[in-house]
Amino acid sequence: MSRENFPQSRILEASELVEQMRIANRRGERFCFILGSGSSVESGMPVGGVLEMRWMNCIMGVEDKSDPSPRKKPSLMRKKAEKLKADNLMEYSFDKLEQVWKQAQEKGWRTLPSEYYFDLYNLRFHPDSANGYEYMERLMEKLSPSIGYRVLAKLLEENNYRNNLVITTNFDTLLEDALFLYGEKRALSMGHEALAEFFSPNLRRSVLVKVHRDRLFHPFNTPEETNHLSPEWEEVLHTALGSYTPVVIGYGGGDRSLMSFLEKHLKKFYWCWRPADGWVEPRVEQLLRDKEGGFLVSIGGFDALMLELGGQRFPDEVTPTATVKLLGERCEKWTENYQKKYDEVNKNPDTKDAAATIEKMEKEEAEKRTKAGKRDKWDYIREANEASESGNRRRAIEILDELIKQKPEFAEAYISRGVAKYDMGEYQKAIDDYNEALRLKPDYALAYNNRGNARKKLGERQEVIDDYNEAIRLNPDFADAYYNRGNAWDDLGEYQKAIDDYNEALRLNPDYVEAYNNRGNAWDDLGEYQKAIDDYNEAIRLNPDYAYAYNN
């Protein structure tokens, strides 16, 4: 069989598949993606045929720079192969493997046919398959998602999670990594058949079904393990194929488990094929001939197809500039959050001693960077914070002025300078800095909260509430924003609204001394004196030196 004898009307270009998916999505059709090892090649994972060649080189004692494992002795491997074949643990003889390997070398091939994969895996790693898992895991730990996975991560969440399912024989974590980096929600990664019961086509998140298990869950990599699908996976795939039209990418049908299922149950599907790799495997061609609803799609590779999909559906979101911006914003957010949590730990009397060693190391490293003229932006922030805490807020502002001159797009610098100006009573100047922070980061909840505090000092009552509302909308777990809005409601005489906000602040932070004290004040204003006393008591229990609570 060959391409010339295959029905030409059943071969599509990648652009035709992309257009078909767009139109079909519009009328409600859903698509899932079936990924094989070919989808991981551009991320650095060798396909099975390349691994076969490496393993055979090792078996034959030939040096291979891509595989630094110790070389085997061919004579010993021949004896081992004879034993394995006698016990039906190998399909082909050692002579056959050697013959195919020599032919590949003569023709300059980098791969061997997929039919020998399991024999070579068994022979290479016998008697302990754990060595094989360790070998594969070492390969996977070095991988990072290629451009195609960036697009796929976006595609899985597009259109209200309409095309949200991936089924794969791979046990790498490339897609999970891409969804973590680029996605809006964490994916449901089903790396073991025990998780199959949690599958539903109605899930509002990306779903990844790994029919050969995850690399950390004893992945299937032998003929015995890949001969049949487990009943749990069969049920999942039955449900999936009833709801989704499959697009198969990078999968050659080398295993018997998934391929046998597809041969029985596929109806309408698109099977992607890369002409540069030669014609499709005979079993795949026969499947396409047997199924009238099957189409072969010519692609330039996984990345090429995904870029074509992304270029049509959301080109402005997957450009290098947009992607760098997205990653930069997320990294900045994670960095700020880590720094904030670290500062909280370092100031907490209960954890300050535990953090002392880290704090000492941090200061030593900062001093080295300062001497070398390589201070980073967080060095400036820490130095400014230390100056403020010691009461030298004018010095803190000077440090932050210098930082802003060097990094005018660093929103955190404006926040810190605004806090220093607020502490000095320069409320309008503080507001100007918070405005600049919000220009740079419109979703900066802390900037809204702090601007509300400064506006309150200037008597701007409605604007104060608006700022706290926006801070809470952006960060519903922002205890300080609830506390501050509670104070604003209290100033307006809206005591029950104030109590509601203090309640929320205390739900988020049960040790919030000031919230107990101020809720006590609101209860007092409502004439609920016993409730007020109870709250003052709790504030005193948490902080026995809190004079306001005793007074109240």
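This is a predicted model: local features need pLDDT of at least 70, side-chain atom pairs count only at pLDDT 80 or more; totals for chains, interfaces and linings use all residues.
In what order do the eight strands of the open sheet stand? The views below take up this question and then turn to helices and loops.

View 1. Residues are numbered from 1 along each chain as its sequence is written, and side-chain values use heavy atoms, with hydrogens and water left out. The eight strands form an open sheet in the order 1-8-7-6-2-3-5-4, with parallel pairing; strands are DSSP runs (E, at least two residues) and helices are DSSP runs (H or I, at least four residues), both numbered from the N terminus, and two strands pair if DSSP finds at least two bridges between them. Strand 1 (11–13) and strand 4 (188–190) are the edge strands, each of which pairs on one side only. From one strand to the next, the twist averages 20°, where angles run from 0 to 180 degrees between N-to-C directions and axes are lines fitted to C-alpha atoms, for helices over the stretch in contact.

View 2. Strand 2 (residues 31–35) runs parallel to strand 3 and is joined to it by four bridges, and Phe33 has Val166 as its bridge partner in strand 3. Four bridges also join strand 3 to strand 5 (residues 207–210), again in parallel, with Ile167 standing opposite Val209 of strand 5. Strand 5 is in turn joined to strand 4 by three bridges, in a parallel run, and Ser189 has Leu208 in strand 5 as its bridge partner.

View 3. Helix 12 (residues 282–290) lies across strand 7 and strand 8 and runs at about 150° to strand 7.

**View 4. Helix 22 against helix 23.** The axes of helix 22 (residues 479–491) and helix 23 (residues 495–508) come within 8 Å and cross at roughly 165°. That angle makes helix 22 roughly antiparallel to helix 23, since angles over 145 degrees count as roughly antiparallel, those under 35 as roughly parallel, those from 65 to 115 as roughly perpendicular and the rest as oblique. Among the residues that meet are Tyr482, Tyr483 and Trp489 in helix 22 and Tyr495, Tyr502 and Leu508 in helix 23. The residues of this contact divide into nine nonpolar, two polar and five charged, where Ala, Val, Leu, Ile, Met, Phe, Trp, Tyr, Cys and Pro count as nonpolar, Asp, Glu, Lys and Arg as charged, and the others, Gly among them, as polar.

**View 5. Helix 2 against helix 4.** The axes of helix 2 (residues 48–59) and helix 4 (residues 94–107) come within 11 Å and cross at roughly 110°. Helix 2 and helix 4 are therefore roughly perpendicular to each other. In this contact, Met53, Met56, Asn57 and Ile59 of helix 2 meet Phe94, Leu97, Glu98, Trp101, Ala104 and Gln105 of helix 4, a set that divides into seven nonpolar, two polar and one charged.

View 6. Most residues other than glycine have a negative phi, and most peptide bonds are trans. The peptide bond from His126 to Pro127 is cis, with omega near 15°, and Pro127 lies in the loop between helix 5 (117–125) and helix 6 (129–141). Asn88, in the loop between helix 3 (74–86) and helix 4, has a positive phi near 60° and is exposed, with a relative accessible area of 66%. Arg213, in the loop between strand 5 and helix 9 (223–226), has a positive phi near 75° but is buried, with a relative accessible area of 13%.

Note on methods:
Contact means heavy atoms within 4.5 Å. Buried means under 20% relative accessible area, exposed over 50%, partly exposed in between (1.4 Å probe, protein chains only).
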